Amino acid sequence: MPSNVHDIRPKPSDTEKITINLGFVDLGQVDLMVQEGFYSNRTDFIRTAIRNQLERHADVVKQSTARKSLDLGLRNYSREDLEAARRAGEMLHINVLGLATIAQDVTPELARATIASVSVLGALHASPAVKSALADRTR
């Protein structure tokens, strides 16, 4: 392979795709706002609306996050993290508001041996085998 050619690995997405159903009148009003130039597209409108609502309820989110002992943001669990927990005889309780990632080199057996529970408000990225192994421990 020539020295100026590099293997490009896709960057993990920092967003999650969702689908919503809107009534025709609501959708028409969104389209009108886009057409009038207030928003660049439907997605821009919906993201802005969601952010406004989250900002409006920020105190409630903050209080609930603290009360439920949630890690906020991105939380990565590497194979080394899980092996250290196993050596220490500890079981992990994964409680995340955001994105929890279990490394791709974590085996289902290691996950079951070290993760007691999984509660993620947002998204959990892990191999299908690890997700399946933890299905009975996931809320």
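Predicted model: local features only at pLDDT ≥ 70, side-chain atom pairs only at ≥ 80, totals over all residues.
Local features need pLDDT of at least 70 and side-chain atom pairs pLDDT 80 or more, whereas totals for chains, interfaces and linings use all residues. Residues are numbered from 1 along each chain as its sequence is written, and side-chain values use heavy atoms, without hydrogens and water.

Helix α1 has 12 residues and spans 16 Å from first to last C-alpha, close to the expected 16 Å. Helix α2 (residues 42-56) has 15 residues and spans 21 Å, close to the 21 Å expected. Helices are DSSP runs (H or I, at least four residues), numbered from the N terminus. The expected span is 1.5 Å times one less than the number of residues. G37 follows α1 and has a positive phi, near 90 degrees. At the start of α2, a side-chain oxygen of N41 comes within 3.1 Å of the backbone nitrogen of T43.

The count of salt bridges is 4 (side-chain nitrogen of Lys or Arg within 4 Å of a carboxyl oxygen of Asp or Glu). One of them pairs D31 with R42 at 2.7 Å, N to O. This pair links helix α1 to helix α2, across 11 residues. D31 is partly exposed at 30% relative accessibility, and R42 is partly exposed at 40% (buried is under 20%, exposed over 50%, partly exposed in between; 1.4 Å probe, protein chains only). Another salt bridge joins D136 and R112, with the closest N and O atoms 2.9 Å apart. D136 lies in the segment after α6 (128-133), and R112 in helix α5 (residues 108-114). D136 is exposed at 59%.

Note on methods. Helix = DSSP H or I, 4+ residues; strand = E, 2+ residues; numbered from the N terminus. Polar contact = N/O pair within 3.5 Å; in protein donor to acceptor, adjacent residues only side chain to side chain.
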